[in-house]
Amino acid sequence: MMGPVNDFLVVYLDSIDEQLLEYLDEDDELKLDAVQRLRFYTTALLDGSITPDHVEDDWPDWYQLVPAFVATYGTEELQELEGASVFLEAIEEQDDVSLTEADRAYLKALEAWLGMYPEMRTTE
C-alpha cells in the first residue's frame, strides 16, 4: 500500500522528468544509493571540493532530486532554508554560482537530513 509520501514523490518527479523515477525503489521511496550519492555531492559542495557548476555537469539530476527530497521528507525549516538559498536558481539560469551563507546553511541542514534518511523511510 502506498502512502501519501510516496504518491507525492512519484507525481513530483514524474512532473519534472519521468526518467527521475529510476531513482525510486519498489516502494516508491528514493533508493538508498541515490540518497547516498545526493549526500556525497552535498558534502563535496560544503567542503568546496566541487562547485555547483561541476555538479551540474557531473550529475544534473542532483538539482531535481534534492528539492524533491526536501519537499517529500524535509521539515518546514529545511524548506525555508531551501527557499532562502540562491544557488539552486542560479544554476537554472546558468549564472556563475558561488555559495552564499544561506546556501551553506541549507546544504548543512540538507546533509544532516540525507544522513538520517535510512531511519526516515516510511516503509519497512
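Of the 124 residues in the protein, 42% are buried, where buried means under 20% relative accessible area, exposed means over 50%, and partly exposed lies in between, with a 1.4 Å probe and protein chains only. The structure is a predicted model, in which local features need pLDDT of at least 70 and side-chain atom pairs count only at pLDDT 80 or more, while totals for chains, interfaces and linings use all residues. Residues are numbered from 1 along each chain as its sequence is written, and side-chain values use heavy atoms, with hydrogens and water left out.

The protein holds seven helices and zero strands, so that its pattern along the sequence reads α-α-α-α-α-α-α; helices (H or I, at least four residues) and strands (E, at least two) are DSSP runs, numbered from the N terminus. The radius of gyration of the protein is 14 Å, which agrees with the value near 14 Å that a compact globule of 124 residues would have; this radius is taken over C-alpha atoms, and the globule rule is 2.2 Å times the number of residues to the power 0.38. Taken along the principal axes, the C-alpha atoms fill a box of roughly 45 × 25 × 25 Å. Among contacts with a separation of 6 or more, 61% are made by residues 24 or more positions apart, a contact being heavy atoms within 4.5 Å. The accessible surface comes to about 7000 Å², and carbon and sulfur atoms account for 49% of this area, as computed by the Shrake-Rupley method with a 1.4 Å probe, where for residues only the protein chains shown count as cover.

In the loop between α1 (4-16) and α2 (32-47) lies Asp-28, which has a positive phi of about 60° although it is not a glycine. Asp-57, in helix α3 (residues 52-58), counts as exposed because its relative accessibility is 65%, and its C-alpha atom is separated by 24 Å from that of Leu-81, 24 residues apart along the chain.

Val-97, placed in the loop between α6 and α7 (101-120), is buried, with a relative accessible area of 13%. Leaving aside residues up to four places away in sequence, Val-97 touches Pro-52, Asp-53, Phe-87, Ala-90 and Ile-91, whereas Val-97 and Asp-7, 90 residues apart in sequence, are 33 Å apart from C-alpha to C-alpha. In helix α7 is Asp-103, which counts as buried because its relative accessibility is 0%. With residues up to four places away again not counted, Asp-103 touches Ser-85, Val-86, Phe-87 and Ser-98, and its C-alpha atom is 8.7 Å from that of Leu-88, 15 residues apart in sequence.

The largest pocket has a volume of about 150 Å³, and the elements that give two or more residues to its lining are α4 (62-73) and α6 (87-92). A pocket is an open set of points on a 1 Å grid over the protein atoms alone, where a 1.4 Å probe fits, with protein on both sides within 12 Å along at least five of seven lines, and lining residues have an atom within 4 Å of a point. Grid points are joined across faces, edges and corners, and the volume is the space filled by probe spheres set on the points. The lining consists of Glu-56, Pro-60, Asp-61, Tyr-63, Gln-64, Pro-67, Leu-88, Ile-91 and Glu-92, which divide into five nonpolar, one polar and three charged residues; Ala, Val, Leu, Ile, Met, Phe, Trp, Tyr, Cys and Pro count as nonpolar, Asp, Glu, Lys and Arg as charged, and the others, Gly among them, as polar.
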